[in-house]
Each structure stands twice: as C-alpha cells, then as structure tokens.
Amino acid sequence: MRRETADISGKDHKKGLTIVRGGGDLATGTIHRLWAAGFPVLVLERADPAAIRRQVSVCEAIYEGEALIEGMRAVRIDRWEQAWPVIEADEIPVLADPKGGCIEKLKPMAVVDAILAKKNLGTKRDMAPLTIGLGPGFEAGVDTDHVIETKRGHDLGRIIRCGCAYPDTKIPGDIGGFTKERVLYAERAGTFQNIAKIGDLVEPGETVAQILGEDGKIHPVAAPIGGILRGLLRDGYTVTRGFKIADIDPRRGERENCFKISDKARCIAGSVLELCAAFSHGQVRGSDDGKTDHETHHLSGGRQQPTVRVE
C-alpha cells in the first residue's frame, strides 16, 4: 500500500516537497526520516559523489541506478520532471544537479543543505519558504532560516535560529577510544582501488586498498588500527592528497552498524523533521526559545571560540 504523498508540480509549496542537497550518510538519515514521516523528498547530488559509508548513502544511486537503505529505495533520475512518478511509487528520486538548478522550477516547501562541506556551496535563504543548513558554513537568519548542530556532544541536533554551528575541528569523533587513527586519508593523488570491502574485519597494518599514483606506481593503503571497515571509497575514484578514503570502527563486534543509519544521523534528522512538520502546519518552533550559551557564542559579530570537542 502506497502512502499518501504530495503534489510536486510547484503550484503549492505547502504540499510538502522537501529538496535535500547531498546524499551522503548523514544526509541519508534526514532523507529517511522525512520519507518515513510521509514527506515527498527529492535528493540533489553531484555527478560523482564520494561517500565513504556507501552502504547507507542514497548517493550510491547515482552510480548503481538505485540504493536500498533500511526499507527505503532511492532511484536515480535524469531530469527533474521524472521525480513525481518516483515519489508516487513511495521511493526517493536522486538527481545529479549540484547547483540546484531545478529548485526554482519545483518551488519546494523546504530546502535542506546536507552536503556537509563545512562551507556553503550555494544554498540561499530565498530558495524556499523554509531553508535549513546542517553543520558549519551557514549562519541562521542570513544563509538559511535555521542551522542544525552536527558536532557530537550535548548540542548535537540543536536547532539554531540565530548564529552558526560550531566550526569544524577536523578531529573525527571518538569511537572505542580512537579519533584520528580510525580515519584514512589519501597520502598521494591517483586512482583509488579497493582490496578489502565494507564490513571486513581488518588488522593493524593490513592492506585495505591501494592508490595507482600519478607516477604509475601502486601505493598500498594500510589499516592503522584493527576493527571493522565501516566505510570505503568507491573503487576507481580519482583522489587528491588528503582525500578521505576509509573509516575503521574499532568495535569488532558491531559489524551490523556498517549497514545502519548512525545515531548521529538520526539525531540530526529528528531536528530537520521537527522544523518541516511544524512549517507544514503553519508554525515553526525552534528548540532554542531562549538564548543559550551555545547560541550566544555563535552569534554573528564577536563570536567566541568554543571549547574544542570531538565530532
């Protein structure tokens, strides 16, 4: 049985169409939550997305034609006009449109920037009646209507109505006592080639991938720690030095997490759903009705440097 969905003809933005820019793992948490709540969703991606946690990223549909994540099916489309039949089938259309050219034509209720680029790649407040930015790079009330905090800690998922999220610390979140050690970056430019696969148990020093360098030589990529290979860049992707290529979870007994939307993604998604649901009922309520310490030191002008916390 198909769930009731909304008309995305652009005649009435209050019908609920939400356009999500970005289809990585954190974005997918938001997409899945909106879909589960009955909102029609269209995802905009680049033509060559570079997700690491590919098993839980709708952007994989750009390559494979479709992606199935926790009961939700995402389908690649070639034109924005193809979105409606996909939504009618209770599925998620994914379109390669990194600049968001179709947004003006579709006139959505909401635009969510979930690219997580740590900077604004073109989202503007006037793109839709409701605009939401995830993480650093946006100022609520200037770039978007609202910003959602994406840093792990007490404020994760907080709705910011004035100011910015915490800046990027470039320190990965602590999992099993490991932070920087669990994330792998390309040490040189070249073509990335998989040897292991997502979900594999790897040991310290084990070769999980290799890079065919611009010098024509093969350069192995070794696991710095042991654990479950939670994320791995797509085979054949062209990388530059410093490009994120893999993620290891040191908790060896939690292989199933490789194939599930994360707690962090679901927390962020709940805040996006809160805003979209409130707006669709004609009233937006943010969680920050009074100015908190978090909100105050993120206001534009005279921002204080927050205590550095791991993501």
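## An open sheet of four strands

Four strands make an open sheet in the order β16-β15-β13-β18, with antiparallel pairing. Strands β16 and β18 (238-239) stand at the edges, each with a single partner strand, so one side of each has no neighbour in the sheet. Two strands count as paired if DSSP finds at least two bridges between them. Strands (E, at least two residues) and helices (H or I, at least four) are DSSP runs, numbered from the N terminus. This is a predicted model: local features need pLDDT of at least 70, side-chain atom pairs count only at pLDDT 80 or more, and totals for chains, interfaces and linings use all residues. Residues are numbered from 1 along each chain as its sequence is written, and side-chain values use heavy atoms, with hydrogens and water left out.

Strand β13 (residues 190-194) runs antiparallel to β15, and five bridges join them. Q193 has Q210 of β15 as its bridge partner. Strand β15 (residues 207-213) also runs antiparallel to β16, again with five bridges. Here A209 is the bridge partner of V221 in β16. Strands β15 and β16 form a hairpin with four residues between them. One turn residue, G216, has a positive phi of about 85°.

## Two faces of a strand

In a regular strand the side chains alternate between the two faces of the sheet. What lies on each face of β16 (residues 218-222)? H219 and V221 form the covered face. I218, P220 and A222 form the uncovered one.

Strand β7 (residues 130-134) is mostly covered, with five of its five residues buried. Buried means under 20% relative accessible area; exposed means over 50%, and partly exposed lies in between (1.4 Å probe, protein chains only). In β7, L130, I132 and L134 are buried on one side, and T131 and G133 are buried on the other.

Strand β7 also has partner strands. Strand β6 (residues 110-113) pairs with β7 in the parallel sense over four bridges. V112 has I132 of β7 as its bridge partner. Strand β9 (residues 146-148) runs parallel to β7, joined by three bridges. G133 has V147 of β9 as its bridge partner.

## Nonpolar cores

A nonpolar core is a set of buried Ala, Val, Leu, Ile, Met, Phe, Trp, Tyr and Cys residues joined through side-chain atoms within 4.5 Å. The largest one has 38 residues. Which residues have the most contacts inside it? They are I31, I92, I132, L134 and C276. Helix α5 (residues 263-280) gives the largest share of this core, seven residues. A second, separate core has 23 residues, including A186, I228, I248 and C258. C258 is buried, with a relative accessible area of 2%.

Contact means heavy atoms within 4.5 Å. Not counting residues up to four places away in sequence, C276 touches T18, L34, F39, M109, A110, L130 and I132. T18 lies in strand β1. At 0% relative accessibility, T18 is buried. Leaving aside its neighbours within four places in sequence, T18 is in contact with residues including P40, V41, L42, V112 and C276.

## Helix α5

How far apart are the end C-alpha atoms of α5? They are 26 Å apart, which agrees with the 26 Å that its 18 residues should span at 1.5 Å a residue. The expected span is 1.5 Å times one less than the number of residues.

The buried residues of α5 include K264, I268, S271, L275 and F279. The buried residues of this helix pack against β1 (18-21), α1 (25-36), β6, β7, β9 and β10 (159-160). G282 follows α5 and has a positive phi, near 85°.

## Cysteines

How many disulfides are there? The count comes to zero. A disulfide is a pair of cysteine sulfur atoms within 2.5 Å. The sulfur of C164 is 8.9 Å from the closest cysteine sulfur, in C162, so that pair is too far apart for a bond. C164 is buried, at 11% relative accessibility.

## The whole chain

The chain has six helices and 19 strands. Of its 311 residues, 52% count as buried. Among contacts with a separation of 6 or more, 58% come from residues 24 or more positions apart. The chain exposes about 14,200 Å², and carbon and sulfur atoms supply 48% of that area. Accessible areas come from the Shrake-Rupley method with a 1.4 Å probe; for residues, only the protein chains shown count as cover.
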